[in-house]
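Please consult the sequence and the model while reading.

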Amino acid sequence: MVFSMQRVQPVRRALGVGLFLAAMGLASLAQAQGTPIRILVGFPAGAGTDAIARTLGEKLKDVLGVPVVVENRAGAGGQIAAQALKAAPADGHTLFLSHDHSISILPQVVKNPGFNPATDFVPVAGFATFANVLAVSGGTPAKSIDEYVKWVRTQRGGKETIGIPAPASIPEFLVKMISEKYKIDVQPAPYRGSAPMTADMLGNQITAGIASVPDFIENHKAGKVRIVASIGAKRQAVLPNVPTFTELGFSNLEDLPYYGIFAPVGTPQAVIDRYGDALQKVLAMPDVKQKLTTMGLTVGYEPQGQFAGRVRSYTQTWERIIQSSGFKPL
């Protein structure tokens with residue numbers, strides 16, 4: 001499940017010169033005819049990942065000169081979308097915009113995910129990092145994690161549930177860490193994505209949730225939820241007053257999750273390079289960078305090789321955490 005450039009670079013050689021030229025010819029013809037490029041997203045419309053995909057897709061359409069369609073294949077924490085990418089032809093017309101969960105985490109926590117990122121996908125490029133954060137709802141008076149823990153102890157008898165966007169995800173492991181550190185009985189409440197979880201938080205049906213900054217940032221700014229802790233080695237630029245879990249005494253939470261684009265293995269290298277170049281141009285647009293930054297992302301283009309290295313390192317970090325937690329694959 002760990003990417004290696006040894007898998008990335010030989011694609012062209014494995015295809016053979018004739019097949020490579022044929023694939024390029026078909027791709028060029030299809031693009032000339034306006035065949036849409038599909039960007040698969042593993043979460044529902046309205047979620048943070050969907051908004052990011054639509055922001056990039058609109059600009060990629062202009063740079064590439066062909067239609068770009070965002071296709072939501074929601075469910076199972078991105079597993080359905082990942083399976084769809086595996087089944088897609090490697091003709092350069094299907095991409096997968098994903099954060100770390102589907103690529104680095106899900107294959108480690110599910111017995112039969114139906115795909116193997118290391119053999120079924122090829123990274124195109126990375127474009128951002130972000131932080132998972134703990135947020136409390138307006139139904140609690142807490143303005144810090146210490147206040148939330150005190151509230152759970154005094155008002156909930158030391159027991160509470162914390163919403164998470166998907167089972168067996170990084171938020172679930174964070175819930176376990178919070179429970180162990182503060183000696184309270186908090187249990188994860190899995191949802192089918194961050195949007196329904198956030199809706200329940202806004203309705204005070206659940207008192208806290210863990211998801212990404214983009215999932216919470218607008219409601220945090222509006223005072224409807226309060227972000228009280230984030231992962232990462234330093235505080236997020238959009239959350240200068242929110243401490244990191246590291247500051248609060250947690251360990252091994254310095255590596256930031258990533259966002260990137262992936263293609264089916266076998267996609268011609270020239271096509272991957274073209275999409276990488278287009279993404280770099282889009283990220284250089286001031287309005288795009290500002291919008292993504294406002295969503296809570298740290299924007300930064302990473303070419304194929306650099307991004308593959310990030311995926312490899314991040315996967316290995318969480319492999320150690322998951323194994324040490326004693327978690328049994330579902």
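## Surface and overall composition

Accessible areas come from the Shrake-Rupley method with a 1.4 Å probe, and for residues only the protein chains shown count as cover. On that basis the protein chain exposes about 13600 Å², of which carbon and sulfur atoms supply 52%. The model is predicted: local features need pLDDT of at least 70, side-chain atom pairs count only at pLDDT 80 or more, and totals for chains, interfaces and linings use all residues. Residues are numbered from 1 along each chain as its sequence is written, and side-chain values use heavy atoms, with hydrogens and water left out.

The protein chain has 330 residues, and 55% of them count as buried; buried means under 20% relative accessible area, exposed over 50%, and partly exposed in between, with a 1.4 Å probe and protein chains only. Its secondary structure comprises 14 helices and eleven strands. Helices (H or I, at least four residues) and strands (E, at least two) are DSSP runs, numbered from the N terminus. Contact means heavy atoms within 4.5 Å. Among contacts between residues at least 6 apart in sequence, 78% join residues at least 24 apart.

Two strands pair if DSSP finds at least two bridges between them.

Within this sheet, β1 and β3 run parallel and are joined by three bridges, with I39 opposite L95 in β3. On pairing with β10 (residues 258–264), β3 (residues 94–99) adopts the antiparallel sense over four bridges. There L97 stands opposite I261 in β10, and H99 stands opposite Y259 in β10. Six of the six residues of β3 are buried: T94, F96 and S98 point one way from the strand, while L95, L97 and H99 point the other way.

## Helices lying across the sheet

Axes are lines fitted to C-alpha atoms, for helices over the stretch in contact, and angles run from 0 to 180 degrees between N-to-C directions.

## The α6–α14 packing

Two packed helices are described by the angle between their axes and the distance between the axes. For α6 (residues 100–109) and α14 (residues 304–325), the axes come within 10 Å and cross at roughly 35 degrees. The crossing of α6 past α14 is right-handed, a term used if the near helix is turned clockwise from the far one by less than a right angle, whereas anticlockwise gives left-handed.

Helix α6 contributes D100, I103, S104, I105, Q108 and V109 to the contact, and α14 contributes V311, Y314, T315, W318, E319 and I322. By class, this contact has seven nonpolar, three polar and two charged residues; Ala, Val, Leu, Ile, Met, Phe, Trp, Tyr, Cys and Pro count as nonpolar, Asp, Glu, Lys and Arg as charged, and the others, Gly among them, as polar. Ten of the ten residues of α6 are buried, including H101, L106 and P107.

Strand β9 (residues 225–230) is mostly covered, with six of its six residues buried. It pairs with β5 (residues 132–137) in the antiparallel sense over five bridges. In β9, A229 is the bridge partner of L134.

## Two residues with positive phi

Most residues other than glycine have a negative phi. A168, although not a glycine, has a positive phi of about 55 degrees. A168 lies in the loop between β6 (159–164) and α9 (170–182) and, at 2% relative accessibility, counts as buried.

N204 is likewise not a glycine and has a positive phi of about 60 degrees. Its place is the loop between α10 (194–202) and β8 (208–212). At 43% relative accessibility, N204 counts as partly exposed.
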